[in-house]
Amino acid sequence: MAVTKVRPPPARRGPPGQPDIRYTPDEEKYQARAKRRLETENLSKELPSGFPAQLESSLVWEGSTLGESFDWNYKLTAEDISEIEAALKHFKSLNLPLGFISQETFPLPNLHRTLRGISHEVHHGHGFTVVRGVPVDAHTREENVIIYAGLSSHVAPMRGRQDNQYNGEPADVVLAHIKDLSGIVDGSKIGAPAYTTDKQVFHTDAGDVIALFALETSAEGGESYLASSWRVYNELAATRPDLIGTLAEPWDFDEFGKDGRTYTSRPLLHFQPATETTPERLIIQYARRGFTGYWGLPRSVDIPPITEAQAEALDALHFLADKHAVSLGFQKGDIQYANNLSIFHARGGFKDSETQKRHLIRLWLRDPENAWETPQALDDRWARLHEGVTPEKQVFPLEPTIRSASRGHDNEKKLE
């Protein structure tokens, strides 16, 4: 039986003084805001102290020409797939919970070297790779999860916590589903575009590496895009250094009441100068909905509004990322590994059919061997991802649910 789509709830205002900005970027409003600020404000023409005029690295790339110099695809060979099937059989023979999936319990004696090379590319190269050709249809849902976690354990062995409850009980949920649930869940209970068919604007997730595995693609649309945040930085540094200053200042992130927190303050942008052992690094961590709200989670009314400068900076990040982005041609059986500290990702809006429904699963990963130094301002966030996560506690939901952090509020009074 066909399910009627639920319309998103009416947009509700955020805190007093919140600028006119929504989750979906409006280029006309962006250009008007930029023009008004340039004409009426005395904007700094200097970069913040210590920030470079330009970044030079393989992480600085232009989407329209990247394919001419970099092949980001690794196509699994018949030998690779045979090795994966043997590893799957071996893990299943151990009768262990899925939290025990590791390089040792999912052995890939030959493919291991390739996957370690992918980790190096993600951390020290162009920032991403796509592994193609996992035979999804030959396996059950659980087997596909085992294969995904097994391959990923050779790229980055630490899995981060994506939720702290499952079925109403405390749990370390390390796997999330990205799937449209708006046909079966009331729109007021959805607080993130991951559970809709909407376009997802350019953003980062939490953690060092984001891995996305396509169990199925949509019938129409839903393309995956990546963009170099370092390329975006270079353009802003050259044309609007004041916005670099804005991004490097503390922002009030709406926590939507998670774990009893109203909001936390930290910069979006972090710069780490070169040392004797590491190159200079620029790190950005942000998701637009934390400043604009989305559907059932509008920006809370009892926290500070964002500023006009911050509203312009949010739009600048999105539109410049879109300008310099690359389309991945993401297909069923593909796994995307991306440096979540330097690469923006986005998704086009899409349509499902009765027989073809877009469905991705996600891991947040860390590779201690190749990991970048975590900025001090992100220590608490990283602790929430990794602290106390053990094989015994890990949960891998096999069916889609909305993460507790992305559920719409039940307390309507807070939203009025």
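What follows is a working chat about one predicted model.

Trainee: What should I know before I start?
Mentor: This is a predicted model, where local features need pLDDT of at least 70, side-chain atom pairs count only at pLDDT 80 or more, and totals for chains, interfaces and linings use all residues. Residues are numbered from 1 along each chain as its sequence is written, and side-chain values use heavy atoms, with hydrogens and water left out.

Trainee: OK. Which strands form the open sheet with β17 in it?
Mentor: Four strands, in the order β7-β19-β10-β17, with antiparallel pairing. Strands here are DSSP runs of E with at least two residues, helices are runs of H or I with at least four, and both are numbered from the N terminus. Two strands pair if DSSP finds at least two bridges between them.

Trainee: Which ones stand at the edges?
Mentor: β7 (200-203) and β17. Each has a single partner strand, so one side of each is left without a neighbour in the sheet.

Trainee: And how many bridges between β10 and β19?
Mentor: Five, in the antiparallel sense, between residues 224-228 of β10 and residues 343-347 of β19. Ala227 has Phe344 in β19 as its bridge partner.

Trainee: Which helix lies across β10 and β19?
Mentor: α5, residues 229-239, running at about 50° to β10. Helix α8 also packs on the sheet, where it touches β7, β10 and β19, and its direction makes about 95° with that of β7. Axes are lines fitted to C-alpha atoms, for helices over the stretch in contact, and the angles run from 0 to 180 degrees between N-to-C directions. Contact means heavy atoms within 4.5 Å.

Trainee: New topic. Where is His324?
Mentor: In the loop between α8 (308-323) and β17 (326-327).

Trainee: Buried or exposed?
Mentor: His324 is buried, at a relative accessible area of 2%. Buried means under 20%, exposed over 50%, and partly exposed in between, using a 1.4 Å probe and protein chains only.

Trainee: What does its side chain make a polar contact with?
Mentor: The side chain of Glu235, at 2.7 Å. A polar contact is a pair of N or O atoms within 3.5 Å; within protein, one must be able to donate a hydrogen and the other to accept it, and residues adjacent in sequence count only if both atoms are side-chain atoms. Leaving aside neighbours within four places in sequence, His324 is in contact with residues including Trp61 and Arg231.

Trainee: Now rings. How many aromatic pairs are there?
Mentor: The count comes to 13. Rings of Phe, Tyr and Trp (its six-membered ring) pair if their centres lie within 6.5 Å; planes under 30 degrees apart count as stacked, over 60 as edge-to-face and the rest as tilted.
Mentor: Tyr148 and Phe213 form a tilted pair, 5.2 Å centre to centre with 40° between the planes. Tyr148 is in helix α4 (residues 141-155) and Phe213 in strand β8 (residues 209-216), 65 residues apart.

Trainee: Last one. Where is Gly207?
Mentor: In the loop between β7 and β8. Gly207 counts as buried, at 1% relative accessibility.
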